[in-house]
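Visitor: I have a protein model open and would like to learn how to read it. Could you walk me through it?

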Amino acid sequence: MKKFFFLIFLLWSSAEALEIQCKFEEVYSDGSTQQGYLLIKNKKLRYEYDKRELFTIFRDSSDYFIVANYDKKNYRKIKEQNIVLSKIVQLIDEYPNLKNTYEEDSIKLLLEKSDISGFYKRISIQSSEVNLSIFFNDCNYLSISDEFLKYNPLVEYNYK
């Protein structure tokens with residue numbers, strides 16, 4: 001589950017004064033994939049996997065919460081930290097002056113912006129913990145209601 005937490009910090013770095021929805025596809029080095037959608041509004045975030053057996057991650061203020069997709073009435077605060085997370089937190093401090101490449105302590109991040117949406121089209125993460133590319137598709141800037149960014153109670157969102 002650590003694979004997913006560092007991504008949230010990176011996405012949050014793009015979230016200042018931004019309202020956007022995107023579909024995402026995570027592609028792992030073994031060829032496996034996961035899909036879902038992402039909502040960002042200011043410093044709030046919703047990262048929801050399509051599969052019922054996976055989960056949804058929320059960022060509210062400075063805290064992160066996880067909700068199982070098969071049990072959306074229960075949530076828990078995410079407390080885990082790792083080296084990848086700490087490096088991503090450093091990126092947050094540098095936003096909006098982000099570079100295309102970051103490499104430190106055996107972690108390499110490659111960021112590719114979309115010419116169409118201005119948001120990221122791909123984020124590549126290479127480390128001893130995970131090798132992963134996240135592709136963002138169908139990104140739209142639109143007004144997002146705060147109700148869809150709350151984990152309790154969780155309100156279903158229909159991607160437009």
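Visitor: How many bridges pair β3 with strand β4, and in which sense?
Guide: Strands of a sheet pair through backbone hydrogen bonds, either parallel or antiparallel. Here β3 and strand β4 (residues 55-60) pair in the antiparallel sense over four bridges. Two strands count as paired if DSSP finds at least two bridges between them, and the strands themselves (E, at least two residues), like the helices (H or I, at least four), are DSSP runs numbered from the N terminus. Before we go on, note that this is a predicted model, where local features need pLDDT of at least 70, side-chain atom pairs count only at pLDDT 80 or more, and totals for chains, interfaces and linings use all residues. Residues are numbered from 1 along each chain as its sequence is written, and side-chain values use heavy atoms, with hydrogens and water left out.

Visitor: Is strand β3 mostly covered or uncovered?
Guide: Buried means under 20% relative accessible area, exposed means over 50%, and partly exposed is in between (1.4 Å probe, protein chains only). Strand β3 (residues 44-49) is mostly covered, with five of its six residues buried. For the whole protein, 48% of the 160 residues count as buried.

Visitor: Which residues touch the most other members of the largest nonpolar core?
Guide: A nonpolar core is a set of buried Ala, Val, Leu, Ile, Met, Phe, Trp, Tyr and Cys residues joined through side-chain atoms within 4.5 Å. The largest one has 29 residues, of which Leu38, Tyr47, Phe119 and Phe136 touch the most other members. Two or more residues each come from β1 (19-28), β2, β3, β4, β5, β8 (107-113), β9 (120-126) and β10. There is also a second, separate core of six residues, including Tyr37, Leu39, Phe148 and Leu149.

Visitor: Now for charges: how many salt bridges does the structure hold?
Guide: A salt bridge is a side-chain nitrogen of Lys or Arg within 4 Å of a carboxyl oxygen of Asp or Glu. The structure holds six salt bridges. One of them joins the side chains of Asp146 and Lys41, at 3.1 Å from N to O. Asp146 lies in the segment after β10 (131-141) and Lys41 in strand β2, so this pair ties together parts that are 105 residues apart in sequence. Lys41 counts as buried because its relative accessibility is 14%, whereas Asp146, at 34%, counts as partly exposed.

Visitor: Which residue forms a salt bridge with Glu48?
Guide: Glu48 forms a salt bridge with Lys72, and their closest N and O atoms are 3.3 Å apart. That pair links distant parts of the chain, with Glu48 in strand β3 and Lys72 in the loop between β5 (63-68) and β6 (76-77), 24 residues apart. Glu48 counts as buried, at 8% relative accessibility, while Lys72 is partly exposed, with a relative accessible area of 22%.

Visitor: What does Glu156 do with Lys72?
Guide: Lys72 forms a salt bridge with Glu156 too, the closest N and O atoms being 3.2 Å apart. Lys72 lies in the loop between β5 and β6 and Glu156 in the segment after β10, so the pair ties together parts that are 84 residues apart in sequence. Salt bridges that share partners join Arg46, Glu48, Lys72 and Glu156 into one network.
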